[in-house]
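Have the structure open as you read.

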Amino acid sequence: MTKAAVIILAGTESHSDLGRLVNGLEAAKEFADNSEDELELIFDGAGTQWIPELEDEDHDYHDLYQSVSNEAAACDHCAGAFGVDQAINDAGVVTIDENDGHPSIRSLVDDDYEIITF
(Lines give C-alpha, C1' and ligand atoms only; values in the text may rest on other atoms or scores of the structure.)
Protein backbone atom coordinates (compact mmCIF):
# COMPACT_ATOMS: atom_id res chain seq x y z
CA MET A 1 0.00 0.00 0.00
CA THR A 2 1.19 3.47 -0.89
CA LYS A 3 0.06 6.63 0.85
CA ALA A 4 0.41 9.68 -1.39
CA ALA A 5 -0.40 13.32 -0.85
CA VAL A 6 -0.59 15.08 -4.21
CA ILE A 7 -0.46 18.82 -3.67
CA ILE A 8 -1.40 21.19 -6.48
CA LEU A 9 0.39 24.52 -5.98
CA ALA A 10 0.36 25.73 -9.59
CA GLY A 11 -1.83 28.75 -10.27
CA THR A 12 -3.97 29.44 -13.31
CA GLU A 13 -1.85 32.02 -15.11
CA SER A 14 0.36 30.14 -17.54
CA HIS A 15 0.58 27.19 -19.87
CA SER A 16 3.20 25.61 -17.60
CA ASP A 17 0.79 25.95 -14.64
CA LEU A 18 -1.83 24.06 -16.66
CA GLY A 19 0.74 21.37 -17.38
CA ARG A 20 1.55 21.02 -13.69
CA LEU A 21 -2.16 20.78 -12.88
CA VAL A 22 -2.75 18.05 -15.45
CA ASN A 23 0.31 16.10 -14.31
CA GLY A 24 -0.88 16.37 -10.71
CA LEU A 25 -4.38 15.20 -11.56
CA GLU A 26 -3.01 12.30 -13.62
CA ALA A 27 -0.77 11.26 -10.71
CA ALA A 28 -3.71 11.52 -8.30
CA LYS A 29 -5.85 9.39 -10.62
CA GLU A 30 -3.17 6.71 -10.77
CA PHE A 31 -3.22 6.41 -6.97
CA ALA A 32 -7.03 6.67 -6.79
CA ASP A 33 -7.42 3.86 -9.32
CA ASN A 34 -5.44 1.47 -7.11
CA SER A 35 -7.73 0.33 -4.30
CA GLU A 36 -4.75 -0.51 -2.09
CA ASP A 37 -3.43 3.06 -2.14
CA GLU A 38 -4.46 5.99 0.04
CA LEU A 39 -4.65 9.39 -1.63
CA GLU A 40 -4.88 12.93 -0.34
CA LEU A 41 -5.37 15.49 -3.13
CA ILE A 42 -4.80 18.99 -1.81
CA PHE A 43 -5.17 22.26 -3.70
CA ASP A 44 -2.94 24.74 -1.89
CA GLY A 45 -1.75 28.29 -2.50
CA ALA A 46 -2.62 29.56 -5.96
CA GLY A 47 -3.68 26.01 -6.81
CA THR A 48 -6.98 26.67 -5.03
CA GLN A 49 -7.95 28.81 -8.05
CA TRP A 50 -8.31 25.67 -10.16
CA ILE A 51 -11.29 24.22 -8.33
CA PRO A 52 -13.92 26.66 -9.66
CA GLU A 53 -12.48 26.31 -13.17
CA LEU A 54 -12.43 22.51 -13.05
CA GLU A 55 -16.00 22.39 -11.74
CA ASP A 56 -17.08 23.92 -15.07
CA GLU A 57 -18.30 21.04 -17.25
CA ASP A 58 -16.87 22.79 -20.33
CA HIS A 59 -13.31 22.83 -18.97
CA ASP A 60 -10.96 20.55 -20.92
CA TYR A 61 -9.93 18.72 -17.75
CA HIS A 62 -13.30 18.61 -15.98
CA ASP A 63 -13.65 14.84 -16.47
CA LEU A 64 -10.15 14.14 -15.19
CA TYR A 65 -10.82 16.33 -12.15
CA GLN A 66 -14.16 14.59 -11.56
CA SER A 67 -12.38 11.24 -11.49
CA VAL A 68 -10.50 12.33 -8.34
CA SER A 69 -12.71 15.11 -6.95
CA ASN A 70 -13.97 12.92 -4.10
CA GLU A 71 -10.41 12.96 -2.76
CA ALA A 72 -9.97 16.73 -3.17
CA ALA A 73 -9.47 19.22 -0.37
CA ALA A 74 -8.31 22.84 -0.35
CA CYS A 75 -6.29 25.05 1.95
CA ASP A 76 -8.81 27.13 3.91
CA HIS A 77 -6.57 30.20 4.24
CA CYS A 78 -5.48 30.14 0.60
CA ALA A 79 -9.03 29.73 -0.70
CA GLY A 80 -9.91 32.97 1.07
CA ALA A 81 -6.71 34.73 0.05
CA PHE A 82 -7.33 33.92 -3.62
CA GLY A 83 -11.04 34.77 -3.42
CA VAL A 84 -12.34 31.31 -4.28
CA ASP A 85 -13.59 30.23 -0.87
CA GLN A 86 -17.27 30.55 -1.76
CA ALA A 87 -16.84 28.66 -5.04
CA ILE A 88 -14.96 25.90 -3.23
CA ASN A 89 -17.68 25.72 -0.61
CA ASP A 90 -20.37 25.64 -3.33
CA ALA A 91 -18.51 22.74 -4.98
CA GLY A 92 -18.61 20.80 -1.73
CA VAL A 93 -14.84 20.56 -1.51
CA VAL A 94 -13.54 20.18 2.04
CA THR A 95 -11.22 22.90 3.31
CA ILE A 96 -8.29 22.10 5.57
CA ASP A 97 -7.11 24.39 8.36
CA GLU A 98 -5.00 22.16 10.62
CA ASN A 99 -1.99 24.46 10.75
CA ASP A 100 -3.03 28.09 11.24
CA GLY A 101 -5.50 27.86 8.36
CA HIS A 102 -3.28 25.65 6.19
CA PRO A 103 -2.91 21.91 5.66
CA SER A 104 -0.37 20.29 7.98
CA ILE A 105 2.43 18.83 5.93
CA ARG A 106 3.99 17.56 9.14
CA SER A 107 0.85 15.52 9.91
CA LEU A 108 0.95 13.98 6.45
CA VAL A 109 4.62 13.05 6.87
CA ASP A 110 3.89 11.71 10.35
CA ASP A 111 1.14 9.53 8.82
CA ASP A 112 3.69 8.15 6.32
CA TYR A 113 2.37 9.95 3.23
CA GLU A 114 4.73 10.59 0.35
CA ILE A 115 4.41 14.31 -0.51
CA ILE A 116 4.27 15.02 -4.25
CA THR A 117 3.95 18.64 -5.34
CA PHE A 118 2.91 20.08 -8.69
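**Salt bridges, sheet and a loop serine**

D33 is exposed, at 53% relative accessible area; the cut-offs are under 20% for buried and over 50% for exposed, with partly exposed in between (1.4 Å probe, protein chains only). Bear in mind that this is a predicted model, where local features need pLDDT of at least 70 and side-chain atom pairs count only at pLDDT 80 or more, while totals for chains, interfaces and linings use all residues. Residues are numbered from 1 along each chain as its sequence is written, and side-chain values use heavy atoms, with hydrogens and water left out.

**Salt bridges**

- Searching the whole structure turns up 2 salt bridges, a salt bridge being a side-chain nitrogen of Lys or Arg within 4 Å of a carboxyl oxygen of Asp or Glu.
- D33 is in one of them: its partner is K29, with the closest N and O atoms 2.8 Å apart.
- K29 is partly exposed, at 26% relative accessibility.
- D17 pairs up with R20, and here the closest N and O atoms are 3.6 Å apart.
- Those two sit 3 residues apart in helix α1 (residues 15–32), so about one helical turn separates D17 and R20. Helices here are DSSP runs of H or I with at least four residues, strands are E runs of at least two, and both are numbered from the N terminus.
- D17 is buried at 12% relative accessible area, whereas R20 is partly exposed at 36%.

**The sheet**

- You'll find 5 strands in an open sheet, ordered β4-β3-β2-β1-β5, with parallel pairing; two strands pair if DSSP finds at least two bridges between them.
- β4 and β5 (114–117) are the edge strands, each with a single partner, so one side of each has no neighbour in the sheet.
- From one strand to the next, the twist averages 30° (axes are lines fitted to C-alpha atoms, for helices over the stretch in contact, and angles run from 0 to 180 degrees between N-to-C directions).
- β2 (residues 38–43) and β3 (residues 72–75) run parallel and share 3 bridges.
- L41 has A72 in β3 as its bridge partner.

**S104 in its loop**

- Look for S104 in the loop between β4 (94–96) and α6 (105–110).
- S104 counts as buried, at 11% relative accessibility.
- Its side chain makes a polar contact with the side chain of S107, at 3.0 Å. A polar contact is a pair of N or O atoms within 3.5 Å; within protein, one must be able to donate a hydrogen and the other to accept it, and residues adjacent in sequence count only if both atoms are side-chain atoms.
- Leaving out residues up to four places away in sequence, S104 touches E98 and N99, where contact means heavy atoms within 4.5 Å.
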